[in-house]
Amino acid sequence: MMKCKDGCEFSDWELDDCFGADILCPHCMHKIIKHSDFGDRFVLTSGGFDPLHSGQITSFLKSAELARNLIVVVNDDQFLIDKKGKAFMPQKVRCQIVSMLERVHYVVPAKPSRLHDATVNEILEIIKPDFFAKGGDRNIDNIPEKKLCQDLGIKIVQGMGDDKHWSSSKFLEGWGEYYVYNVYGKRYEQVLE
Ligand SMILES: [Zn+2]
């Protein structure tokens, strides 16, 4: 199993906790692409997967049709804190779950952006995949990575999967409500007794 070298300081957790697909830093991922066989293509997609849902699974399946190698970038916890206030599962766990999916070949944990940048521009610039696959709810003009991809010759492929019908936040919303009324509520009643 390929692992990140000791010099790769981009995450505060151990990168060799791999169960399935290799979990690599962007630089090591780029090295693999650079030394791959001629004609071997790489497609990159990204997300929070907090939690993973079937809309994202269809996105992986579609993306995997584009190229032999599927790279999944997993957003950092700060990205999720900025988006919804808190990460449901830490990045390490989300990376491990995604790495166990059969069609996923490489997992790259995103590093928190210094600029609180919600794009994967920094990672695309290092990895330079052949394709950048986006989920169903984006059209080519509102993809913030568009210019960078054009400059680097990365082909953007949109409409991957039907993730617009699903939302990780919706799952958590429903669960949160349940938790407040049924779990926390019961404990609160016990305190009052
Ligand atoms: Zn590395």
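**Figure 1. Asp22 and its bridge partner in strand S4.** In S4, Tyr106 is the bridge partner of Asp22. The pairing of strand S1 (residues 22-23) with S4 is parallel and runs over two bridges; strands count as paired if DSSP finds at least two bridges between them. Helices (H or I, at least four residues) and strands (E, at least two) are DSSP runs, numbered from the N terminus. This is a predicted model, in which local features need pLDDT of at least 70, side-chain atom pairs count only at pLDDT 80 or more, and totals for chains, interfaces and linings use all residues. Residues are numbered from 1 along each chain as its sequence is written.

**Figure 2. Strand S4 beside strand S3, and the two faces of S4.** Strand S3 (residues 69-74) also pairs with S4 in the parallel sense, over four bridges. Within this pairing, Val72 has Val107 of S4 as its bridge partner. In a regular strand the side chains alternate between the two faces of the sheet. Strand S4 (residues 106-109) is covered on both faces: Tyr106 and Val108 are buried on one side, and Val107 and Pro109 are buried on the other. A residue is buried if 20 or more other C-beta atoms, placed from the backbone, lie within 10 Å of its own C-beta.

**Figure 3. The buried face of helix H1.** Pro26, Cys28 and Met29 are buried in helix H1 (residues 26-34). Seen down the axis of H1, the buried residues fall within an arc of 165°, so they line one face of the helix; the arc is that of the directions from the helix axis to the C-beta atoms. The cover over the buried residues of H1 includes S3, S4 and helix H5 (121-127).

Figure 4. Pro129 lies in the loop between H5 and strand S5 (131-135). Pro129 counts as buried because it has 26 C-beta neighbours inside 10 Å. Leaving aside residues up to four places away in sequence, Pro129 touches Ile33, Phe42, Val43, Leu44, Ile71 and Ile154; two residues are in contact if their C-beta atoms, placed from the backbone, lie within 7 Å. Arg41 is 88 residues from Pro129 in sequence, yet the two are 7.8 Å apart in space, C-alpha to C-alpha.

**Figure 5. The setting of the close-ups in the whole chain.** The protein chain has seven helices and six strands, in the order β-α-β-α-β-α-α-β-α-β-α-β-α along the sequence. Of its 193 residues, 33% count as buried. Among contacts between residues at least 6 apart in sequence, 74% join residues at least 24 apart.

Conventions: Buried ≥ 20, exposed ≤ 12 C-beta atoms within 10 Å, placed from the backbone.
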